[in-house]
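I opened this entry to look up how the two chains meet. The notes follow the order in which I checked things.

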2 protein chains.
Amino acid sequence: MSPFALRLLLVATATVNAFVVVPSKPTTVRLSATVEKKTTAATEFNLNEYIMDKLPHVEKALDESLASDIPQTARIVEAMKYSLMAGGKRIRPVLCLAACEMFDENFHKAMPAAVALEMIHTMSLIHDDLPALDNDDLRRGKPTNHVVYGEDVAILAGDALLAQSFLHVAENCNDQPPERVLDVIRRLGHAFGPKGLAGGQMMDLECEGKPTGEVSLDDLRWIHTHKTAVLLEVAVASGAILGGASAADVERLEKFALNVGLAFQVADDILDVTQSTEELGKTAGKDENTDKTTYPKLLGLDGARAEAERLIQEAKKSLEPYGDKAVTLLALADFIIDRKN
Amino acid sequence: MSPFALRLLLVATATVNAFVVVPSKPTTVRLSATVEKKTTAATEFNLNEYIMDKLPHVEKALDESLASDIPQTARIVEAMKYSLMAGGKRIRPVLCLAACEMFDENFHKAMPAAVALEMIHTMSLIHDDLPALDNDDLRRGKPTNHVVYGEDVAILAGDALLAQSFLHVAENCNDQPPERVLDVIRRLGHAFGPKGLAGGQMMDLECEGKPTGEVSLDDLRWIHTHKTAVLLEVAVASGAILGGASAADVERLEKFALNVGLAFQVADDILDVTQSTEELGKTAGKDENTDKTTYPKLLGLDGARAEAERLIQEAKKSLEPYGDKAVTLLALADFIIDRKN
């Protein structure tokens, strides 16, 4: 087992067993309280096994996706690969493959979309890290793209990854009905456009400086839906579509992913308070010392906990029709929501 | 007639009548010397009429392409529209529609691709103008996107336009066989990826600082093919595909556009020398005072002129099978190559 795989196994084991949102009241926020009783062992085993099984396929597909024998493209491909192959949990690709497998056991059918999702996610990180945006020098413990290659190259590498993501889906779904492929491309385009990730980031920039009173719960939910949940939504939707799911199935899975994405953000906000006050002994989290609007600020800590639980229950409800077939997605949702702990 | 339309008519008339590359030897570089004899009047009339006829449709489609009734997207849509609706000659959309009309009189079939091409072209300008790249404050006489909205917004607006271009094609070609639509999306992705525009810009950055001796003719051709010609190629190809052209037709039109794009760049390089020495009375053009590698530097002025003519002859040859049907594309090629004069 590679050191990376081992680390991932340890992380997966640790987080599947952990409770995030309210460490003192685990049962109230556990994503799959009922599933847990019946299948805790199976879920944990499956999730680790599942991730271990899928990860090499994902890494291989990502690596091959940028192969080029044209010497003039060597430098830009190097810059694109630097960030695309920088590890990470590959949450979106694995979600995509898991959604596909609910409807077709050949998960390779969804691999082109899985690769495209990671390309889009990666390019959003490259551009986010730029000095004009978050100005981050480190990402996953490595210097960020613009630190290594310069801002000009980082901008171009991000652009090229975004274009490549659509090309990759259009070129590599030959065994699929073209209507399905177009549906996936449409959703990918939507997920990054003004009504997707780019729009969410923009709204976040607009709200950043505003005092709490001027940012509503609707604004906050809009930002999180579009900055975080939208890529989880398109991950499960594209996987399901390429697996042959019906429109009703796709809609259920999207609803699930939307609520998981929002629950993740509420959990993140809560942790910023609880970690610092209850665990780190500080009087307030970093969000509280800035103007940033958070769920605890708008709803209070108990209100935010209740909101997280409501979202988790909503997510669970969407997958009820699938019974045991949904176990992988439910376990992945735990993994996503819990990983901040 | 709107002031903009009037200006465009004047520009079109002026440039169609002008000879660019070698003002003193017009017949040697005129794109369509043989066509000219038979159809000069028709070509000039047609081109002006053609552009006037198509432009309102293109502007309307561009304007509608970013319509959004979601208030949270207002700011990013405003930033995207600021650059998308900033005028310009709409060369790529008009080329796309003209190519479509060679095979189907309903040019509206190609409009989604025409809009996508202008979105991609616009986003490349927004990102090119950023301080980390060309650092331009003005574009078409107006402050550049980042000057008006800030660098962070300009980066996001460019990203969103790129994603939106693919979404637009996927969503608006409902009357087309999905295989055709996928083919267009594949070509658009290719045109902006590492083997397209982004790769060409990257190679340009790499060669910028190098002394002339270290940049070969092949390097220069590679840069121009990928920075300039590639979007003209995909413009005619996508128009032809959506008009129902055969693979052989598409290949001929692409070859035409590739050579037009390269001829434009050679003409541009020649003008930098001839304008400054022969017209402006300076001893050398600005390219000569920098390390930038140009065709005249590599081939000499006469050699560069011969290369321009060779490219133009190649371009013409590709359209010979179409006779009079190719008149619009030939006139547009004149317009593209001549407009620098």
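**Interface notes**

I counted two salt bridges between chain A and chain B, taking a salt bridge as a side-chain nitrogen of Lys or Arg within 4 Å of a carboxyl oxygen of Asp or Glu. One of them joins Arg186(A) to Glu171(B), with the closest N and O atoms 3.9 Å apart.

For the record, this is a predicted model, in which local features need pLDDT of at least 70 and side-chain atom pairs count only at pLDDT 80 or more, while totals for chains, interfaces and linings use all residues. Residues are numbered from 1 along each chain as its sequence is written, chains are lettered from A and ligands numbered from 1 in the order in which they are written, and side-chain values use heavy atoms, with hydrogens and water left out.

**Elements and composition**

I then looked up which helices of chain A line the contact with chain B. Helix 4 (74–84), helix 6 (111–128), helix 8 (151–172), helix 9 (178–192), helix 10 (197–208) and helix 11 (217–242) of chain A each supply at least two residues to that side; helices here are DSSP runs of H or I, at least four residues, numbered from the N terminus. Helix 8 of chain A gives the most, with 14 residues. By class, I found 29 nonpolar, 10 polar and 10 charged residues on the side of chain A that touches chain B, with Gly counted as polar.

**Extent**

I noted 49 residues of chain A in contact with 49 residues of chain B (heavy atoms within 4.5 Å). The two chains bury about 4300 Å² between them, 79% of it on carbon and sulfur atoms; this is accessible area (1.4 Å probe) lost on being put together, summed over both parts. Gln72(A), Pro194(A) and Met202(A) supply 15% of the area that chain A buries against chain B, more than any other three residues.

**Symmetry**

I superposed chain A on chain B by a rotation of 180 degrees with 0.0 Å of shift along its axis, at RMSD 0.0 Å (least squares on C-alpha atoms of residues with pLDDT of at least 70 in both). The two copies are therefore related as by a two-fold rotation axis. The same surface serves both copies, since 100% of the contact residues of chain A recur in chain B. Pro178(A) comes closest to the axis of the residues of chain A, its C-alpha lying at 2.9 Å.

**Aromatic pairs**

I counted five aromatic pairs over all chains, with ring centres within 6.5 Å for Phe, Tyr and Trp (its six-membered ring), and planes under 30 degrees apart as stacked, over 60 as edge-to-face and the rest as tilted. Phe166(A) and Phe166(B) have ring centres 4.3 Å apart and planes at 10 degrees, so I logged the pair as stacked. The pair crosses from helix 8 of chain A to helix 8 of chain B.
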